[in-house]
Number of protein chains: 2
Amino acid sequence: MSDARPAAPASPLLDPASLTAMLRPRSVAIVGASNDPTRIGGRPLRYYRENGFPGAVYPINPNRDEIQGLKAYPDIASLPEAPDLVLVAIPAAAVVATAEQAAAKGARAMVIFSSGFAEMEDGDGPAMQRRLGEIARESGMRIAGPNCLGVFNAAIGHYCTFTASFDLGGFPQEGGIAIVSQSGAYGSHMATLAREKGLGTTYWMTTGNECDVQVADCIAFLADQPDVDVIGCYIEGVLDAGRLTAALDYAHARRKPVVVMKVGRSDVGAAAAQSHTASLAGADRVYDSVFRRYGALRVETTEEMLDVAYACTRRTFPTGRKLGIVTISGGGGVVLADAATAAGLEVPAMPADAQRRLKEILPFAAVRNPVDITAQAFNDMSLVTKNVEMMLAEGGYDLIVNFFTSVPRSKVINARLRPAMQEAARKFPGRLQVMCMISTPEMTKEYEADGYLVFEDPHRAVKALAALCSFGEAFARPPRAAPPDLPAGALPAPAGVVDEREAKRILGAAGIPVVEDRLARTAAEAAAAARAFGGPVVLKISSPDILHKTEVGGVAVGLADPDAAAAAFAAMTARVAAARPAAHIDGALVSPMIADGVECIMGVSVDPAFGPVVLFGLGGIFVEVLKDVTLRVAPFSPAEAAEMIREVKGFPLLDGARGKPKADVAALAEALSRLSVFAAANSDRIDSIDVNPILVRPAGQGVVAVDALFVPRQS
Amino acid sequence: MSDARPAAPASPLLDPASLTAMLRPRSVAIVGASNDPTRIGGRPLRYYRENGFPGAVYPINPNRDEIQGLKAYPDIASLPEAPDLVLVAIPAAAVVATAEQAAAKGARAMVIFSSGFAEMEDGDGPAMQRRLGEIARESGMRIAGPNCLGVFNAAIGHYCTFTASFDLGGFPQEGGIAIVSQSGAYGSHMATLAREKGLGTTYWMTTGNECDVQVADCIAFLADQPDVDVIGCYIEGVLDAGRLTAALDYAHARRKPVVVMKVGRSDVGAAAAQSHTASLAGADRVYDSVFRRYGALRVETTEEMLDVAYACTRRTFPTGRKLGIVTISGGGGVVLADAATAAGLEVPAMPADAQRRLKEILPFAAVRNPVDITAQAFNDMSLVTKNVEMMLAEGGYDLIVNFFTSVPRSKVINARLRPAMQEAARKFPGRLQVMCMISTPEMTKEYEADGYLVFEDPHRAVKALAALCSFGEAFARPPRAAPPDLPAGALPAPAGVVDEREAKRILGAAGIPVVEDRLARTAAEAAAAARAFGGPVVLKISSPDILHKTEVGGVAVGLADPDAAAAAFAAMTARVAAARPAAHIDGALVSPMIADGVECIMGVSVDPAFGPVVLFGLGGIFVEVLKDVTLRVAPFSPAEAAEMIREVKGFPLLDGARGKPKADVAALAEALSRLSVFAAANSDRIDSIDVNPILVRPAGQGVVAVDALFVPRQS
């Protein structure tokens with residue numbers, strides 16, 4: 001894990017290679033093996049036999065000598081060797097003992113189909129599952145499940161699963177799309193869809209209740225496999241956020257794209273996810289920021305997941321987003337240009353000179369980009385070659401989409417079109433090209449063999465291309481800078497309620513600039529303080545019993561001189577005493593009035609999965625009405641804070657909108673980063689922190705936190 | 001057209017039945033008929049013969065006696081009867097004469113394939129196209145094209161098109177999805193996709209350059225056809241916005257859903273659309289508001305177009321959005337709940353009592369909603385029946401999605417599942433139910449025969465369902481109220497530049513409350529005015545030479561008393577005179593200061609296609625930084641203005657956010673409506689109007705326009 005998390009519990013990434021025994025076992029024992037090939041304990045055995053799994057398979061069943069033609073053993077202890085993998089398909093009550101026996105025998109991995117563990121709220125289930133986790137940690141034997149649908153490795157016929165989906169359409173094809181799913185049924189759904197679409201999925205892993213093996217472990221294992229192009233994950237919630245981020249980081253460092261369908265975004269969905277698994281679901285928006293941080297792509301639909309995964313199998317991840325469009329339908333060109341722009345691609349024009357020469361070749365064509373060669377170009381295919389060549393050579397395009405509607409389905413046309421396209425593409429190997437057309441499975445295979453991605457729908461094509469670009473950009477990004485250290489002399493977060501003054505002292509010690517203040521106990525002291533500051537001042541009531549000062553008339557701003565400060569002191573203390581007769585009033589804090597700052601808000605909350613999370617937004621309506629906020633898991637560097645600041649819609653207000661000077665975004669980023677470091681270091685002591693407002697002054701003049709509120713952890 | 005547009009040119013909807021001769025002709029003459037069945041003039045003839053078109057077909061070709069086995073005629077004049085429809089496939093130069101002959105013979109419709117008209121910038125093309133339009137208007141013979149791909153009516157084998165797409169996959173199926181497209185190639189693409197997906201498209205119309213028949217005419221014609229379930233349109237831009245809105249209104253009144261793919265949303269796309277057709281493209285956002293107003297649904301992708309169109313073929317348009325989810329995969333339930341929420345559906349829980357009884361039937365199930373019956377339920381299908389019945393009877397759901405992944409593909413399971421589902425559904429005819437599963441074409445047909453919609457992808461399923469709901473809501477909406485009349489004594493928009501005072505006088509006469517003011521020519525007059533108003537005032541420089549007063553220091557606010565007003569007057573006139581020595585200064589306007597208003601902006605601009613458009617937004621950062629604005633084509637009623645106001649993201653600021661009183665939204669809506677009526681009445685005189693700000697005071701206290709700027713039409 002590359003980013004330091006000073007105070008959070010360490011979450012080391014377990015040895016990814018430890019899952020090798022689960023996915024490439026030399027021997028498999030099946031506890032609960034059945035002679036009935038349609039039963040849970042019978043299916044895997046049948047699948048192994050039908051697919052010629054090369055390893056040893058040991059059915060275990062005390063009641064039979066032979067199962068599906070193989071010699072059966074009464075128990076694990078009597079096996080002739082320690083099996084690499086033990087598959088468990090027996091009632092829950094017997095599973096813990098089986099796991100203990102397997103570990104004692106020296107098994108290296110276990111997959112547990114059995115249900116009746118943490119997904120049951122009552123009974124022994126949760127305790128038994130905890131015990132399984134302990135066995136895994138004590139023995140080093142990795143355990144998938146319980147309550148999972150198993151794993152497979154199609155390259156070696158290793159079908160350690162009882163899914164019935166193979167009955168309906170056959171076994172999966174080999175290929176570089178790896179699938180990891182917390183849900184067995186949905187994982188099976190994804191694999192079935194992939195097979196239907198002709199996509200190869202060599203590796204497939206379901207994790208169920210995750211007593212030991214989590215989605216994170218699967219990601220890390222798959223990131224190390226040379227025959228994996230992309231890792232597609234279905235996640236409902238994570239048990240160990242640190243392990244997930246470590247795994248995402250591990251995959252990122254290996255340039256292995258991770259596509260995530262994280263469900264539970266809606267309230268109903270989140271509630272259903274919680275009733276469906278035993279996962280601790282962190283706030284959905286936090287996941288967004290985590291995936292973005294580690295370069296993983298979050299998708300919303302299974303179609304998008306498979307589209308992106310398919311596109312990743314070219315292993316080409318452009319760092320530019322310039323798209324060239326070749327079309328035989330003007331309308332299609334418009335559709336593609338719209339779709340590409342919406343997907344975040346650029347559609348720049350061909351250079352003027354190239355346009356002129358293209359027009360000479362293709363007088364009827366639109367030559368700007370989209371380049372509409374019209375169906376007429378198919379009369380002389382050398383024109384198609386020349387056109388595509390010129391776009392590849394001179395357009396500066398990172399990507400090309402050829403949109404040919406259904407015309408290439410004409411065998412007569414395609415017999416000439418394909419060689420013409422091949423000729424143009426040959427000179428530009430590695431350039432990403434898409435054929436967008438209403439295709440047949442055979443034609444798709446042909447163009448794929450030529451190096452093309454083939455899509456039917458233009459919107460889906462450009463969305464998948466944009467995903468490749470986002471991976472390209474993430475892979476090209478320099479390593480994240482480490483967050484700064486806590487400054488020397490930093491104070492701990494308070495254990496109880498503290499007043500504004502103390503809150504600001506703690507923030508200041510954490511490296512965040514805070515406004516100066518003086519406590520005035522009398523009107524005369526207020527006037528003296530105003531005189532000392534030498535400009536307009538602000539007065540705020542100081543009382544340990546009053547958290548929300550404005551509600552009781554406890555704030556006065558723009559007091560121009562000492563007399564005004566004194567008058568305001570008198571009026572305020574009277575007002576507050578009337579509103580809150582029981583409150584102890586220390587006096588009022590006098591601070592210089594900062595008139596040239598943009599009001600912003602920083603805050604910290606503690607996510608159940610990811611720990612302290614820092615929130616940022618502009619003040620006032622931006623946070624309260626528009627909910628225009630962004631967040632990051634703590635801690636992070638000023639560079640990452642600067643990205644964060646640019647994510648809010650109101651950012652132009654910090655960037656010189658409406659004729660104002662640009663604000664000191666660098667100082668603001670520094671303050672956010674400092675707050676994140678403080679939050680991470682105090683994650684066990686805080687419930688939330690509000691710095692509201694922090695004023696961002698013009699560039700070079702820094703920021704000033706004006707008020708702060710700590711809420712300590714209750715437990 | 002139900003809404004009055006006082007000053008805009010009238011755009012009557014042409015008689016929709018006049019297209020009957022084009023889509024259901026009893027006789028067709030083919031000018032340029034070819035004996036070669038692969039050529040443009042040969043294909044339609046071949047298609048008629050292959051499909052047994054029942055009407056008379058007259059090839060016209062002066063060089064042959066017989067074409068493709070039919071007697072040929074030398075010209076239109078020599079035909080034995082006036083043909084219903086004349087198809088034209090000859091070079092552009094001869095087309096106008098042909099149209100004149102056809103009109104003279106008494107033909108009622110014409111379809112022109114020939115290109116070389118308005119899509120060519122130079123030469124005779126544009127003039128010839130204008131002449132074709134005149135011929136149509138003079139004779140009443142409706143003309144589609146030129147430069148179009150034709151029309152078809154699959155119910156009678158009427159394939160008046162030269163598309164080659166039938167060669168590759170056969171002719172379309174009959175069915176209730178009608179397709180209208182400005183682009184021939186993209187229209188063909190949509191029809192091909194529909195056929196591939198097994199969707200029936202009886203009617204298909206392409207309009208090309210639209211010399212006469214526009215997309216609007218096709219919509220109106222199709223809205224009258226009983227065998228049309230839904231009208232899917234591809235639009236790049238419209239020539240006659242009034243006719244489009246009239247047609248949308250006509251379809252809406254007939255409860256015929258219209259789905260629109262309006263392209264050119266991106267700048268590149270819009271540029272490509274303009275180079276591709278000769279359409280005048282209005283601003284893209286104006287189209288959004290127009291489609292919404294008339295209950296048409298704008299979609300972004302062809303897939304969505306076909307998904308929604310398919311869903312419309314059930315002809316069930318719910319007015320509620322409550323979705324019940326039945327699933328055998330907990331994960332699938334989460335996915336669906338998320339997707340449904342994102343699509344704007346509701347996923348309410350089953351009633352508590354029903355949950356309890358469901359739990360008795362299905363102890364393993366999650367019974368809240370999503371209802372996860374688990375694959376276990378398939379062991380006893382009567383449980384499935386009971387579950388679905390209970391959801392239909394007691395859940396109060398408008399829609400049900402059954403998400404069964406790929407399991408029903410098992411013939412064994414489906415042989416029991418389908419009757420179980422049928423039994424439950426039989427008691428609730430007309431309730432919209434979806435089977436969401438990885439299906440086969442045969443299984444899809446079976447479930448469709450049972451009344452289900454069948455979708456593979458859950459996201460696409462719920463998106464299509466949400467579209468049905470939006471149609472249901474639009475069809476159920478009461479007729480729009482007419483906009484108010486211009487008040488008696490309304491003034492015309494000014495022909496030249498006018499100052500703020502005159503601008504406010506014109507606004508006031510149009511029925512929009514404006515702030516009182518007095519022109520002060522001296523500091524003493526400023527003080528007198530302030531005294532007369534009796535509270536704090538605002539001073540603004542009054543000069544016909546200064547449009548932007550703040551830029552020259554020409555605005556002073558919060559002047560508490562007459563002395564302050566006098567002082568401000570002296571300082572302001574000196575400041576402005578220094579900044580703009582050449583400006584003639586009349587003095588300064590004194591107005592009461594309104595402190596309790598929320599600052600908003602109203603404006604008018606003139607869209608090239610749709611005419612005057614009214615814009616609304618909150619003031620300041622909302623418009624300038626967040627671009628948080630909404631718009632409507634003028635004129636409209638206060639009720640529609642009220643909808644508009646609720647569309648901006650900042651609406652909570654008018655609705656009592658942050659502890660403020662609710663603002664007078666009714667008065668604001670009235671003012672917006674009044675502005676729209678004024679704009680419509682003056683559409684030929686104005687270029688733009690800015691009312692900035694208009695202050696919205698607390699409920700019951702009205703609005704006050706504080707400043708206004710008219711920019712007269714230049715031409």
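Biologist: What do the buried residues of H14(A) pack against?

Modeller: In chain A they pack against strand E15 (323-327), helix H13 (352-361), strand E16 (371-372), strand E17 (399-403), helix H15 (411-426) and strand E18 (432-436). Packing here rests on contact, meaning heavy atoms within 4.5 Å. Helices (H or I, at least four residues) and strands (E, at least two) are DSSP runs, numbered from the N terminus.

Biologist: And what am I looking at, and how is it numbered?

Modeller: It's a predicted model: local features need pLDDT of at least 70, side-chain atom pairs count only at pLDDT 80 or more, and totals for chains, interfaces and linings use all residues. Residues run from 1 along each chain as its sequence is written, chains are lettered from A and ligands numbered from 1 in the order in which they are written, and side-chain values use heavy atoms, with hydrogens and water left out.

Biologist: Which residues of H14(A) are buried?

Modeller: Among them are A:Met381, A:Leu383, A:Val384, A:Asn387 and A:Met391. Buried means under 20% relative accessible area, exposed over 50%, partly exposed in between (1.4 Å probe, protein chains only).

Biologist: How does the span of H14(A) compare with what is expected?

Modeller: The expected span is 1.5 Å times one less than the number of residues. H14(A), residues 381-394, has 14 residues and reaches 20 Å from first C-alpha to last, close to the expected 20 Å. Just after H14(A), A:Gly396 takes a positive phi of about 70°.

Biologist: Why does A:Glu303 count as buried?

Modeller: Its relative accessibility is 11%, and the cut-off is under 20%, so the word applies. A:Glu303 lies in helix H11 (302-312) of chain A. Leaving aside neighbours within four places in sequence, A:Glu303 is in contact with A:Arg460, B:Glu303, B:Asp457 and B:Arg460.

Biologist: What makes A:Arg409 and B:Glu196 a salt bridge?

Modeller: The rule wants a side-chain nitrogen of Lys or Arg within 4 Å of a carboxyl oxygen of Asp or Glu. These two side chains meet at 2.7 Å, N to O, so they pass. Across the interface of chain B and chain A the rule finds 6 salt bridges.

Biologist: How much area do the chains bury between them?

Modeller: About 4,800 Å², 66% of it on carbon and sulfur atoms. Buried area is the accessible area (1.4 Å probe) that two parts lose on being put together, summed over both. The contact takes 63 residues from chain B and 63 residues from chain A.

Biologist: How do you know what B:Thr630 and B:Glu647 share is a polar contact?

Modeller: A polar contact is a pair of N or O atoms within 3.5 Å; within protein, one must be able to donate a hydrogen and the other to accept it, and residues adjacent in sequence count only if both atoms are side-chain atoms. Their side chains make such a contact at 2.5 Å, so the distance is inside the limit. B:Thr630 lies in strand E26 (629-633) of chain B, and is buried, with a relative accessible area of 5%.

Biologist: Is A:Cys218 buried or exposed?

Modeller: Buried: its relative accessibility is 1%. A:Cys218 sits in helix H7 (215-223) of chain A, and touches A:Leu19, A:Val180, A:Met205, A:Thr207 and A:Val213, not counting residues up to four places away in sequence.
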